[in-house]
Amino acid sequence: MKNEVKIHEVDPSLNNRRSFLKLSGLTLVTAGLVLAGCSDNDNDEEMDDTSLPGIRNGVFDLGSGDFGVLTYAYALEQLEADFYTKVVNATSFNATFNDTERQVLTDLYHHEVIHRDFFKAALSGALPDPSSQLLPSLAFNYGALNFNSRTEVLATAKALEDTGVAAYNGAGKLIKSPDYLVLAGKIVSVEARHASAIRSLINPNSADFAGDDIINTSTGLDVAKDPSKILPIAGGFITTKFTAKYLP
């Protein structure tokens, strides 16, 4: 068994909102790392060229099928991890945000780093040739975003978290493996908590944590978007060129 990590019991006394946010991210995603790392893909369908991520015509393509979806998620988690790393390391982080905001943003930083590293480990253990098929570390540019501005940081966090939830919801139908679908469900539940927490920081004591702009009022479900709708949004921050020719 590879990529195994120890899972600790959750202390039931830690029942406030921040502890729930923190522990839900750490325990759910870490548990998934054991399952994905042990997968040998013995029952996978025979893969064709488009199902595997890798260089095509000189540019990295995400591929299709389960590997394509996991690589797509890995790209998005790299973006979120990079963003929150810059947030918590900004020179005026302590002065810009109050104690509650700093705690939430720091928790989100830890979650996204775990998500990013989870996908890297899972893909490294599952891809036939990770040396050529694993998405490289991406580079990012946030333009004129001021990481010392509370308003700008929270607005960007809201956009990224809402986009992340919609991305996982839209990609779920593309996943064939039940194990990977369970993992995606665990992670999107954490991402939805992130989105709710950020929205509550922006507009406390309101219904914005589940606003009509992200919840379908007729079904009560979160918005779901295909990769073709998500990548142009995320691509505004990603400077490393890649393609997604085989994802819808």
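Start by selecting Gln133. Leaving aside residues up to four places away in sequence, Gln133 touches Leu52, Pro53, Gly54, Phe60, Leu127 and Pro128. A contact here means heavy atoms within 4.5 Å.

Before going on, two notes on the model. This is a predicted model, in which local features need pLDDT of at least 70 and side-chain atom pairs count only at pLDDT 80 or more, while totals for chains, interfaces and linings use all residues. Residues are numbered from 1 along each chain as its sequence is written, and side-chain values use heavy atoms, with hydrogens and water left out.

**Stop 1: Gln133**

Stay on Gln133. The residue lies in helix α5, residues 130–133. Helices (H or I, at least four residues) and strands (E, at least two) are DSSP runs, numbered from the N terminus. Is Gln133 buried or exposed? Gln133 counts as buried, at 11% relative accessibility. Buried means under 20% relative accessible area, exposed means over 50%, and partly exposed is in between, with a 1.4 Å probe and protein chains only. Now show the side chain of Gln133. It reaches the backbone nitrogen of Asp129 at 2.8 Å. That is a polar contact: a pair of N or O atoms within 3.5 Å; within protein, one must be able to donate a hydrogen and the other to accept it, and residues adjacent in sequence count only if both atoms are side-chain atoms.

**Stop 2: the whole chain**

Zoom out and colour by secondary structure. The chain has eight helices and three strands. From the N terminus on, they run α-β-β-α-α-α-α-α-α-α-β. Of the 248 residues, 48% are buried. Take the contacts between residues at least 6 apart in sequence: 77% of them join residues at least 24 apart.

**Stop 3: Asn57**

Select Asn57 in the loop between β1 (54–56) and β2 (59–61). Asn57 is exposed, with a relative accessible area of 75%. What is the phi of Asn57? It is positive, about 55°, although Asn57 is not a glycine.

**Stop 4: Leu79 and helix α2**

Move to Leu79, in helix α2 (residues 65–88). Leu79 is buried, at a relative accessible area of 2%. Which residues does Leu79 touch, not counting those up to four places away in sequence? They are Phe140, Tyr142, Leu160, Ala234 and Phe237. Pick Ala234 as well. Leu79 and Ala234 are 155 residues apart in sequence, yet their C-alpha atoms are 7.8 Å apart.

**Stop 5: α2 against α6**

The axes of α2 and α6 come within 11 Å and cross at roughly 165°. Therefore α2 is roughly antiparallel to α6. Axes are lines fitted to C-alpha atoms, for helices over the stretch in contact, and angles run from 0 to 180 degrees between N-to-C directions. Angles under 35 degrees count as roughly parallel, over 145 as roughly antiparallel, 65 to 115 as roughly perpendicular and the rest as oblique. The crossing of α2 and α6 is left-handed. A crossing is left-handed if the near helix is turned anticlockwise from the far one by less than a right angle, and right-handed if clockwise. Residues making the contact include Leu76, Leu79 and Phe83 of α2, and Val153, Leu160 and Tyr168 of α6.

**Stop 6: α4 and its partners**

Keep α6 on screen and show helix α4, residues 99–126. The two pack at an angle of about 40°, with their axes 13 Å apart. That makes α4 oblique to α6. This crossing, too, is left-handed. Among the contact residues are Leu105, Leu108 and Phe119 of α4, with Leu154 and Tyr168 of α6.

The contact includes Leu105, His111, His115 and Phe119 of α4, and Leu183, Ile187, His194 and Leu201 of α7.

**Stop 7: Leu247**

Finish at Leu247, in the segment after β3 (242–243). Leu247 counts as buried, at 11% relative accessibility. Beyond residues up to four places away in sequence, Leu247 touches Leu62, Gly63, Ser64, Gly68, Val69, Tyr72 and Pro227. Select Tyr72 with Leu247. They are 175 residues apart along the chain, and 9.1 Å separates their C-alpha atoms.
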